[in-house]
Amino acid sequence: MATVQDIEIRDSAARAAQAADELEDSVGEKMVLNMGPSHPATHGVLRIVLELDGEIVTQADPDIGYLHRGDEKIAENMTYTQFIPYTDRLDYLAPLANNVAYALAVEKLLGIEKALPPRCQYIRVMCAELARISAHLLGLGAFAMDMGAVTVFLLSFTEREKIYNLAEAISGARFTTSYTRIGGVMRDLPPTWLDQCQKFCDEFIPALNELETLLTRNRIWVDRVRNLAVISKEDAINYGLSGPNLRGSGIEWDLRKNQPYLCYPDLEFDIPTGSVGDCYDRYLVRMEEMRQSVRILLQCIKKIPGGADNKTKEPVNFADGKIFLPPKEKVMSKMEELIHQFILVTQGMNCPPGEVYFGHENPKGELGFYINSRGGGTPYRMKIRSPSFVNLSIIPKIFPGCLISDTVAILGSLDFVMGECDR
Amino acid sequence: MPPLEFAQKLKTKFGPVISEPAEFRGEITLKVGDAGRIVEICEFAKKELGFDYLVDVSSVDNYGDDPRWTIVYHLRSLKHGNELRLKTDVSEEKSELPTVTTVWKTANWHEREIYDMMGIRFSGHPDLRRILMWEGYPYFPLRKDFPLAGKPSELPGVAFTKPAPLEGGPFVTAPGGKDAIEREPRVRTSEG
């Protein structure tokens, strides 16, 4: 016997009322979304916990530390020279610049940073500027690729490849260069290196122009990044931003100009600044910085004492056996040099007690080393002030109110490296 | 105006709380005698002297000395370009001082890092959680009595807590020794 079931057939008005009820329940209900740690736009291992209202971010909490290796602890347990390879792994997109920054910090502690031979200063400036171009190219390529412009990534990597070749020619390594030493550099430039560098500069500007035609006036690109995540001047200073992120907000502050080191006072270059402080301004600042870096490189190639093959035998290293390793042939034949070599290798250089802070204008911002020395060959405490760490701390401030898809653009425009952030 | 004049201004304002300025390699360091007053001193430095940019906050563990902790603030002015370093001591029993996040927002993460690495607390901090290590990690790894090889932690299911096989790597030296024999652990063991 069949039973009759009541089937509730509601009219459309009732259905609409129920749907509206359900919608009302879900409105105001926020969703928590976990972005990272292995998300392609986080360029490494950044995790951000996003609280969402629909598609709009209402809260963001960055969670860092996935790449923490305890570099500061390690530094306390080895001589100053032994720490140089660890600096390669801070901002691993610009190892040459990190090498220069670290060497200058220790030299400031020793009080010799102003007494470096001119040729050494020029070599270091060229290293830092090549690293800047390389890091900005990657930052730009990844930024554009996250926005869907894959061509930019391929073009920028073609140019980076040439910089790797240059790094390989001077240091023997493409990535982990460890090129500087305390008081100098590992070795002088190879004879043809300046020509190679000149060739790179000549080819790079047309390539950069081509890159610019893809993005700078591209309607899609401009619509995506303009007026997005505007950082005011006050916020940029208050949150301690540095590098292109600070200058993008319209503050003319560059350590190369404001606290000059090496031979930067002898070189002509401009500091680009943004006018609004949005993602587009940060992009434009990086583009212009690459051009200025090429300008610096070209001046260095002309001005470097000794020229390409160093026929005049300009010194490249600080000539003090108690700080810099003596030449090998002398170690093998002279007693004093042998002793210096032995002491430098086993105990390190004898640094005075005291404390110094040195900030270097790295591609990502101000990379600073605070060294607290109690004398001897090892630091008592070394704090690494990494630009990416500080630049990321503004995320909880600028993320709320933007769309999920915009977070990817903002991360790209902040241009951070987790190896340096987590140390 | 040279940085020494700023130091003198701070000193005339706050009197004996602030030590005589010490200069080393062109950098001025001032010692603040009372860690509890660091906020008003920083406030004054920012508002009246124009030190609008906090470069860095770091900490030093003076293990074996009293007071054990030193907190180091690097102040900079983007207006006139001068820099100043403030230092203040905190005892191990107290291990707490007021936060300067009310003066500079950037202090937030720096202070979280100090709490995470050294275990010094900042009263009034809006969000004092661990930042580099994971929540619930039982030690403070940058303290001098924390071994380089690490310590096993009792947390279940957390990786990377066993001592490294080479006790930190092949080039490890111990700081503070007078000569290579004291500094180099392998030398010590081979000679007994």
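**Exercise 1.** Determine whether B:K94 is buried, partly exposed or exposed.

*Solution.* The model is predicted, with local features requiring pLDDT of at least 70 and side-chain atom pairs counting only at pLDDT 80 or more, while totals for chains, interfaces and linings use all residues. Residues are numbered from 1 along each chain as its sequence is written, and chains are lettered from A and ligands numbered from 1 in the order in which they are written.

Step 1. A residue is buried if 20 or more other C-beta atoms, placed from the backbone, lie within 10 Å of its own, exposed if 12 or fewer do, and partly exposed in between.
Step 2. B:K94 has 14 C-beta neighbours inside 10 Å and therefore counts as partly exposed.
Step 3. B:K94 lies in the loop between β5 (83-90) and β6 (96-98) of chain B; helices (H or I, at least four residues) and strands (E, at least two) are DSSP runs, numbered from the N terminus.
Step 4. From B:Y53, B:K94 is 41 residues away in sequence and 28 Å away in space, C-alpha to C-alpha.

**Exercise 2.** Describe the length and the surroundings of helix α3 (residues 107-118) of chain B.

*Solution.*
Step 1. The 12 residues of α3(B) reach 16 Å from first C-alpha to last, close to the expected 16 Å, where the expected span is 1.5 Å times one less than the number of residues.
Step 2. Of the 12 residues of α3(B), 12 are buried, among them B:W109, B:R112 and B:Y115.
Step 3. The cover of these buried residues includes α15 (387-392) of chain A, together with β3 (53-61), β4 (69-76) and β7 (121-123) of chain B; two residues are in contact if their C-beta atoms, placed from the backbone, lie within 7 Å.
Step 4. Just after α3(B), B:G119 has a positive phi of about 80 degrees.

**Exercise 3.** Characterise the packing of α5 (residues 118-146) against α6 (residues 150-171) in chain A.

*Solution.*
Step 1. The axes of α5(A) and α6(A) come within 8 Å and cross at roughly 160 degrees; axes are lines fitted to C-alpha atoms over the stretch in contact, and angles run from 0 to 180 degrees between N-to-C directions.
Step 2. The crossing angle therefore makes α5(A) roughly antiparallel to α6(A), a class that takes angles over 145 degrees.
Step 3. The contact includes A:L130 and A:L137 of α5(A), and A:F153 and A:I163 of α6(A).
Step 4. By class, this contact has 14 nonpolar, three polar and two charged residues; Ala, Val, Leu, Ile, Met, Phe, Trp, Tyr, Cys and Pro count as nonpolar, Asp, Glu, Lys and Arg as charged, and the others, Gly among them, as polar.

Definitions and conventions: Parallel < 35°, antiparallel > 145°, perpendicular 65-115°, else oblique.
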